[in-house]
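Please open the model in a viewer and keep the selection panel at hand.

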Amino acid sequence: MHVAMTLDGNYLRGTIAAVLSILQHSTCPENVVFHFVWLRHEAHVISSIISTFPYLNFKVYTFDAARVVGLISKSIRQALDQPLNYARIYLADILPYEVKRLIYLDSDLVMVDDVSKLWGVEMKGKVVAAPEYCHANFTNYFTHEFWSDPVLSAAFKGRRPCYFNTGVMVMDLEKWRRWNYTRRVEDWMIVQKQRRIYQLGSLPPFLLVLAGEIEGVDHRWNQHGLGGDNVEGKCRDLHPGPISLLHWSGKGKPWLRLDSRKPCNVDHLWAPYDLYRSFNHSLFED
C-alpha cells in the first residue's frame, strides 16, 4: 500500500502524527510504504522521521519548485501558495513508474481506521477516488470572471461537478500518466494567471479537470474543515456519522491551537498522536 505525503519542517509535527495514526490503526503496518516529497534536503526533518519510526518503510523525493513556481497565483492564504502545496499534481512524474496506485494525504490529518479499507476502494475506471460533497455551493470556488465567460464555464458541460477535497485522494497513477492529467491541470493554472478565475490555491484546477469525473468515497474518509475557514480558522464541530479520518483543513492547525492553550474541542482528538508533545513532556519530567 503506497501512501504519499509532503515533507516540510513547518508541518513535520503534523506529518509524524499522521504517520503514527496510520500505523496504529493498520492491521498490517509493515505493508505500508510511505513516499515523502520535499523541496530540499533538511537533515533535521529526515533524522526526526528515522528516530521516531526506526523501522518505517519510506522513500524521499525532491520536487523541483521551478516546475510550478511560474504557474502559482496569489490566493487568499499564503500557506496555499507554497510550491509544495502543488506537488500532488506531479506525483505521477515524481514517483517511480512501478507505483501504479497511491493514496495521497495532507499532513494535517489523522486516520482512525485501517488504511487498507481506503486502499481497497473500487475506482471503477476513474483516475481519482475521494469523498464528494455535492451539497456544497460549487459556484463559490470560481470567480464571476469564470462563470460569465461561456467558453470557460463550458468546461463543466456534460458533468455534474461536485466539490471534493484534494487532501485525501486515491489516485490511479497509471491512468494519470496515460491521459496526461498533469498537463490538463497546468493548462487551467495558465488560464488563472491570465484571467483570475478562482481564489484558492491548487484545489480549483483539480476541480476544473476532475469534478464530476471522480469515484465517490464514503464521507467517513475525510471529516475535513476541522481547521475552520481559510481566513480566521474558527472552531468547527464534527459532522454527524461514522469517522475514519479527521482532517484539519483550513487555517487552524491542532498543534498550534494546543500550544496556544486555546484549543478547539476537536483538537483533543489529534493530541494522542502528537509524539512531539509526548517527547517534550517526558524530557520536562526527567
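Select Cys235 and Cys264: these residues form a disulfide (a pair of cysteine sulfur atoms within 2.5 Å), with their sulfur atoms 1.9 Å apart. The torsion about this S-S bond is -80°, and the link is left-handed. The bond joins distant parts of the chain, 29 residues apart: Cys235 lies in the loop between β10 (215–216) and β11 (245–247), and Cys264 in the loop between α10 (254–259) and α11 (275–285). Helices here are DSSP runs of H or I with at least four residues, strands are runs of E with at least two, and both are numbered from the N terminus. This is a predicted model, in which local features need pLDDT of at least 70 and side-chain atom pairs count only at pLDDT 80 or more, while totals for chains, interfaces and linings use all residues. Residues are numbered from 1 along each chain as its sequence is written, and side-chain values use heavy atoms, with hydrogens and water left out.

Now colour by accessibility, where buried means under 20% relative accessible area, exposed over 50% and partly exposed in between (1.4 Å probe, protein chains only). Cys235, at 51%, counts as exposed, whereas Cys264, at 3%, counts as buried.

Next, select Cys134 and Cys162. Their sulfur atoms are 1.9 Å apart and form a disulfide. Because the torsion about the S-S bond is about 100°, this disulfide is right-handed. Cys134 sits in the loop between β7 (132–133) and α5 (144–147), and Cys162 in the loop between α6 (150–153) and β8 (163–164); the pair links distant parts of the chain, 28 residues apart. Cys134 is partly exposed at 36% relative accessibility, and Cys162 is buried at 3%.

How many disulfides are there by this rule? The count is two, and with bonded cysteines counted along the chain, the pattern is 1-2, 3-4. Select Cys28 as well: this residue is partly exposed, at 30% relative accessibility.

Finally, display helix α8 (residues 181–195) with helix α9 (residues 203–210). Their axes, which are lines fitted to C-alpha atoms over the stretch in contact, with angles from 0 to 180 degrees between N-to-C directions, come within 9 Å and cross at roughly 120°. The pair is therefore oblique, a class that holds the angles left over when under 35 degrees is roughly parallel, over 145 roughly antiparallel and 65 to 115 roughly perpendicular. Show side chains: Tyr181, Arg184, Val185, Trp188 and Met189 of α8 meet Pro205, Leu208, Val209 and Leu210 of α9, contact meaning heavy atoms within 4.5 Å.
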